[in-house]
Amino acid sequence: MADKKKKNLTPAQQKYQGLQQKHELKRPVLKNCIKAFWVGGLICTIGQAVTYFYIYFFNFTEQTAGNPTVATMVFFSMLLTGFGIYDHLGQYAGAGSAVPVTGFGNAVISAAIEHRTEGFVLGVGGNMFKLAGAVILFGVFSAFVVALIKTILIQWGVL
């Protein structure tokens, strides 16, 4: 298909296409993957340290320490976004900073910061959950469906 399109181009268009391919920057895919891997891993390591902190100092169990850990990590990412640090981290690491739960906090607070000049209610409140609202909606709905299926299976004696 690409060859067929190339044949229909005029000589000037083919020359331009060749020139464009010659000057096109090559993306360092492997380097970007390594950066994303180690930054995402570092974020997860910090999250594990926060979990151990809650277990050791506040007598949480491994099962119950997850909720305060997630809240703490989201808070950290919102704080770092507010100071402009998380944006630099995101530019450096790409998906490595967006995939962990900290990316959710960054998405929420970035929209709030961007629209703060429009006021607290219409600006911050109205735009804060534009991106994150879908994540929250699908997360809550999925949890409801799974809980409903589990309840039905328990009632039938399968679980």
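A residue counts as buried under 20% relative accessible area, as exposed over 50%, and as partly exposed in between. The exercises below apply to a predicted model.

**Exercise 1.** Classify Tyr 54, Phe 60, Tyr 56 and Phe 57 as buried, partly exposed or exposed.

*Solution.* Tyr 54 has a relative accessibility of 16%, so Tyr 54 counts as buried. For Phe 60 the value is 30%, and Phe 60 is therefore partly exposed. Tyr 56, at 64%, counts as exposed. Phe 57 has a relative accessible area of 52% and is likewise exposed.

**Exercise 2.** Determine how the ring pair of Tyr 54 and Phe 60 is arranged, and then treat Tyr 56 and Phe 57 in turn.

*Solution.* A pair of aromatic rings is described by the distance of the centres and the angle of the planes. Planes over 60 degrees apart count as edge-to-face. Tyr 54 and Phe 60 lie 5.7 Å centre to centre, with 80° between the planes, and form an edge-to-face pair. The centres of Tyr 56 and Phe 57 are 4.8 Å apart and their planes stand at 90°, so this pair is also edge-to-face. Both residue pairs belong to a cluster in which ring pairs link Phe 53, Tyr 54, Tyr 56, Phe 57, Phe 58 and Phe 60.

**Exercise 3.** Describe the packing of helix α3 (residues 29–58) and helix α4 (residues 66–82).

*Solution.* The axes are 9 Å apart and the angle is about 130°. The two helices are therefore oblique to each other. The crossing is right-handed. Tyr 54 is among the contact residues of α3, and Phe 76 is among those of α4. By class, the contact comprises seven nonpolar, four polar and no charged residues.

How values were computed. Residues numbered from 1 in each chain as written. Predicted model: local features only at pLDDT ≥ 70, side-chain atom pairs only at ≥ 80, totals over all residues. Heavy atoms only, no water. Axes fitted to C-alpha atoms, helices over the stretch in contact; angles between N-to-C directions. Helix = DSSP H or I, 4+ residues; strand = E, 2+ residues; numbered from the N terminus. Parallel < 35°, antiparallel > 145°, perpendicular 65-115°, else oblique. Left-handed = near helix turned anticlockwise from the far one by under 90°. Contact = heavy atoms within 4.5 Å. Nonpolar A, V, L, I, M, F, W, Y, C, P; charged D, E, K, R; others polar. Phe/Tyr/Trp six-rings, centres within 6.5 Å; stacked < 30°, edge-to-face > 60°. Buried < 20%, exposed > 50% of the residue type's maximum accessible area, 1.4 Å probe, protein only.
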